[in-house]
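The sequence and structure are shown first.

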Amino acid sequence: MLQQTVVTAAINHFKRWMELFPDVESLAGAEEQSVLKAWEGLGYYSRARNLRKGALYLVENHGGALPEDYKMLLKVPGIGDYTARAVLSLAFSRAYPVLDANVRRIAQRLTAVKNWQSADDTSLMEALDKLIPSDSPGVFNCALMQLGQQVCRVRTPDCDSCPLRESCLSRALGVQGEIPEVKKRKIKEKQSTLCLLVRDGRILMIRRDSGIGKGLWFIPALPGGAENSILASLEAVSVGAESSADFRSVERSIVLKERVHLYTSWREKLDPRLFFLPAAAAADIPSWASADGGLCEWIELSRISEYPTASVYRKILDDIPLLFVPE
């Protein structure tokens, strides 16, 4: 969970996760949808899928136990070099140093190297191999990572509290705030119109079978270039919600609050529109909704919280009950 996620955001998720999946066997026996639901709100859902795959692999090949060998750990789905080293040092007290962004930043500032290269990583790992104590490798790795996280911070290093300050070349040169160089990323913008199609107490949702959000449920998005014609046709067939005995009268269609979905290198503005369709449209799945593939399904609004989705889509779905006033 701590890969790509800060500690404060992961703590409560971790507690709930351990209640649901207290051991490898329970995770291996869980359905993927249940695992994704438990991960909801953390993002980077491939991590959750890999955890489940890894648990299945361990149950099938190692009796549910983690192997204590580096090469064997690398065969477990979801475990790469960094995770294998962390597991070996923290769980098994094996002298395997780890290299993450925090450790790299400390070394970069100590040596005042602005243009850090992959060869520098190799040299750093060689140095760490010589430095890591065999009697407490986990403590050593944790100390370095926490030093980078809490003291040798990205933008505001606390040099006065750093135990390595006398050896830091960047501090001596007064350039610690310039190292490492902050690379400006070009954030791409995207605008999407989402259509929440509601009929007879159900809403149309799509489960993606590939790409970003694989296995999650999404609100159908209008294809580019056809928004106006599709919106017009939806408006034409929409009805007021007074046809339902459960709710007071509302408009045929409603423009919901705009939301923003942030990705690593781009941001997507989501423009959600809510349409109430007649029951006669129940069996129809609009061709544009399923154009990208995946499973389209009419889901009971009362059960929508059971289906895993990205957090920004959850906020949009949570807006729907606010529009209704029970009779």
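Val198 stands opposite Ile203 in S2, where helices (H or I, at least four residues) and strands (E, at least two) are DSSP runs numbered from the N terminus. The model is predicted, so local features require pLDDT of at least 70 and side-chain atom pairs count only at pLDDT 80 or more, while totals for chains, interfaces and linings use all residues. Residues are numbered from 1 along each chain as its sequence is written, and side-chain values use heavy atoms, with hydrogens and water left out.

**Strand pairing**

S1 and S2 pair in the antiparallel sense over two bridges; two strands pair if DSSP finds at least two bridges between them. The two strands form a hairpin with two residues between them, and in its turn Asp200 has a positive phi of about 55°. S1 also pairs with S6, in the parallel sense and over 11 bridges. Within S6, Phe275 is the bridge partner of Leu197.

Asp271 likewise lies in strand S6. Its relative accessibility is 13%, and Asp271 therefore counts as buried; buried means under 20% relative accessible area, exposed over 50%, and partly exposed in between, with a 1.4 Å probe and protein chains only. Not counting residues up to four places away in sequence, Asp271 touches Gln191, Ser192, Thr193, Leu194 and Val255, contact meaning heavy atoms within 4.5 Å. Asp271 and Ser118 are 153 residues apart in sequence, and their C-alpha atoms are 42 Å apart in space.

**Nonpolar cores**

A nonpolar core is a set of buried Ala, Val, Leu, Ile, Met, Phe, Trp, Tyr and Cys residues joined through side-chain atoms within 4.5 Å. The largest such core has 36 residues. Those with the most contacts inside it are Leu196, Ile203, Met205, Ile219, Tyr313 and Leu317. At least two residues of this core come from each of several elements, including strand S1 (188-199), strand S2 (202-207), strand S6 (266-276), helix H4 (46-62) and helix H12 (311-319). Leaving aside neighbours within four places in sequence, Ile219 is in contact with Leu194, Cys195, Leu196, Met205, Tyr313, Ile316 and Leu317. A second, separate core has 18 residues, among them Leu99, Trp116, Leu124 and Met145.

**Helix packing**

Two helix pairs are listed below. Axes are lines fitted to C-alpha atoms, for helices over the stretch in contact, and angles run from 0 to 180 degrees between N-to-C directions.

| Pair | Angle between axes | Axis separation |
|---|---|---|
| H7 (residues 101-111) and H9 (residues 137-150) | roughly 75° | within 8 Å |
| H1 (residues 7-20) and H3 | about 155° | 9 Å |

H7 and H9 are therefore roughly perpendicular to each other, whereas H1 and H3 are roughly antiparallel. Angles under 35 degrees count as roughly parallel, over 145 as roughly antiparallel, 65 to 115 as roughly perpendicular and the rest as oblique.

In the pair of H7 with H9, residues Asn102, Val103, Arg105 and Ile106 of H7 meet Leu144, Met145, Leu147, Gly148 and Gln149 of H9. By class, this contact has five nonpolar, three polar and one charged residues; Ala, Val, Leu, Ile, Met, Phe, Trp, Tyr, Cys and Pro count as nonpolar, Asp, Glu, Lys and Arg as charged, and the others, Gly among them, as polar.

For H1 and H3, the contact is made by His13, Trp17 and Leu20 of H1 together with Val35, Ala38 and Trp39 of H3. The contact of H1 with H3 has five nonpolar residues, one polar residue and no charged residues.

Ala86 belongs to helix H6 (residues 81-92). With 15% relative accessibility, Ala86 counts as buried. Apart from neighbours within four places in sequence, Ala86 is in contact with Ala91 and Val98.

**Backbone features in loops**

Ile179 and Pro180 are joined by a cis peptide bond, with omega about -5°. Pro180 is located in the loop between helix H10 (169-173) and S1.

Tyr44, in the loop between H3 and H4, has a positive phi of about 45° although it is not a glycine. At 40% relative accessibility, Tyr44 counts as partly exposed. Ser93, in the loop between H6 and H7, is a residue other than glycine with a positive phi near 55°. Ser93 counts as partly exposed, at 47% relative accessibility.
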